[in-house]
Amino acid sequence: MESKAATRVCITFDVDFTWHAGDGAFIDEMSEVFPPLWALLRRYPDCKTTWFIRLDDQMQALHGRADHALIRYAKEFADLRHAGHEIGWHPHSYLRAGQEWRQNTDNDQVVAELKRHAPAAHSHGLSTVRMGWGFHTNEAMAFLADAGFSVDSSAIPRPQYPWEETHKDWTTTPHDPYFPACADYRVPGTPAWPILEVPMSVTLIKADYDRADILRYVNLAYHPRALYPPLESCLREHTHLVTITHPYELHGGSRHGLIAFDIAAFEENLRAIRRMCEALARPARFVTLSEFAAGY
């Protein structure tokens with residue numbers, strides 16, 4: 001179990017190569033955003049992070065290989081690993097509809113796609129998984145566990161809101177890590193699959209355009225003015241924190257009521273975590289998801 005002497009903090013990045021906050025256009029986050037982000041991380045050598053990288057059918061259709069990103073940016077990912085960061089698998093299952101791509105929610109097709117690409121994920125040394133959009137099923141979790149993946153961090157323990165266009169279901173999931181019940185991947189139980197589910201941290205956050213607080217995952221790309229009170233509350237209530245950021249959210253300076261699109265805001269939020277944890281007498285210990293899971 002977790003030590004109460006420190007707050008274990010997992011900073012994670014989903015490299016989707018897609019501008020989800022805008023029109024869904026493709027963006028090469030590794031060429032456009034990675035260099036300044038890597039420079040920032042080198043200034044904080046104790047901050048170990050986890051990077052989830054696309055390897056799936058859409059990447060194969062667009063680039064000729066499912067593991068295109070891992071091949072093209074092999075040096076960058078090697079540099080991250082050498083510095084103590086972790087690289088994980090981020091399968092996004094898409095269906096093509098004419099000129100557009102949409103989320104694939106067909107259970108059999110999603111599991112078949114995982115089976116096709118799991119050997120390549122293993123060949124790149126990936127043992128941690130985050131499913132695209134947070135979409136999961138009992139069968140997908142069973143396959144990942146049987147295939148030897150040790151950690152899944154797809155859970156977003158909050159309601160499915162009516163305005164969301166993507167599909168997932170973690171409405172019954174706890175905040176704390178657990179081994180998923182074989183009968184229901186969303187909750188702990190016996191018998192359980194031998195893969196640790198590490199949910200993303202969620203807290204009530206109000207964007208400029210909201211009428212009320214909304215339960216959202218903790219994203220260090222948010223404006224500090226929106227993130228600070230909820231972040232402090234989250235750290236007070238829990239002895240661990242799992243954040244999620246898409247690199248494109250640190251780039252471009254777009255005007256948005258929640259996302260800062262400014263790497264300086266990310267750094268400010270990162271430093272705030274350290275200050276808040278110190279104030280709670282539980283200093284922040286930044287770890288990868290695999291390091292975090294080793295305590296369970």
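P191 is found in the loop between strand 9 (184-188) and strand 10 (196-197), where helices (H or I, at least four residues) and strands (E, at least two) are DSSP runs numbered from the N terminus. The peptide bond that leads from T190 to P191 is cis, with omega near -5°. This is a predicted model, in which local features need pLDDT of at least 70 and side-chain atom pairs count only at pLDDT 80 or more, while totals for chains, interfaces and linings use all residues. Residues are numbered from 1 along each chain as its sequence is written, and side-chain values use heavy atoms, with hydrogens and water left out.

**Overall form**

- The protein has ten helices and 14 strands, and along its principal axes the C-alpha trace spans about 50 × 45 × 45 Å.
- Buried residues make up 57% of the 296 residues, where buried means under 20% relative accessible area, exposed over 50%, and partly exposed in between (1.4 Å probe, protein chains only).

**Backbone features**

- Most residues other than glycine have a negative phi, and most peptide bonds are trans.
- F17, in the loop between strand 1 and helix 1 (29-32), has a positive phi near 60°, and with 10% relative accessibility F17 counts as buried.
- F261, in the loop between strand 13 (240-245) and helix 9 (263-279), has a positive phi near 50°, and with 4% relative accessibility F261 counts as buried.

**Nonpolar cores**

- In soluble globular proteins, nonpolar side chains tend to be buried together.
- A nonpolar core is a set of buried Ala, Val, Leu, Ile, Met, Phe, Trp, Tyr and Cys residues joined through side-chain atoms within 4.5 Å.
- The largest nonpolar core has 79 residues, of which I11, W51, W89, L144, F266, L270 and I273 touch the most other members.
- Another core, of ten residues, lies apart from the largest one, and its members include C10, F52, L196 and V287.

**Aromatic pairs**

- The structure holds ten aromatic pairs, counted where rings of Phe, Tyr and Trp (its six-membered ring) have centres within 6.5 Å, with planes under 30 degrees apart called stacked, over 60 edge-to-face and the rest tilted.
- F13 and W51 form a tilted pair, 4.5 Å centre to centre with 35° between the planes.
- This pair links distant parts of the chain, since F13 belongs to strand 1 (residues 7-15) and W51 to strand 2 (residues 49-53), 38 residues apart.
- F13 is buried, with a relative accessible area of 0%, and W51 is buried, with a relative accessible area of 0%.
- The pair of F34 and W38 is stacked, because the ring centres are 6.0 Å apart and the planes lie at 20°.
- F34 and W38 are separated by about one helical turn, because they are four residues apart in helix 2 (residues 34-42).
- Ring pairs link F13, F34, W38, W51 and F266 into a cluster.

**Cavities and a pocket**

- On a 1 Å grid over the protein atoms alone, a cavity is a set of points where a 1.4 Å probe fits but cannot get out, and a pocket is an open set with protein on both sides within 12 Å along at least five of seven lines; lining residues have an atom within 4 Å of a point.
- A search of the whole structure finds two cavities of 30 Å³ or more, where grid points are joined across faces, edges and corners and a volume is the space filled by probe spheres set on the points.
- The largest cavity has a volume of about 50 Å³, and its lining includes P91, N104, M131 and W133.
- The second largest cavity holds about 40 Å³ of space, and among the residues that line it are I156, R158, E164 and W170.
- The second largest pocket has a volume of about 150 Å³, and helix 3 gives the most to its lining, with four residues.
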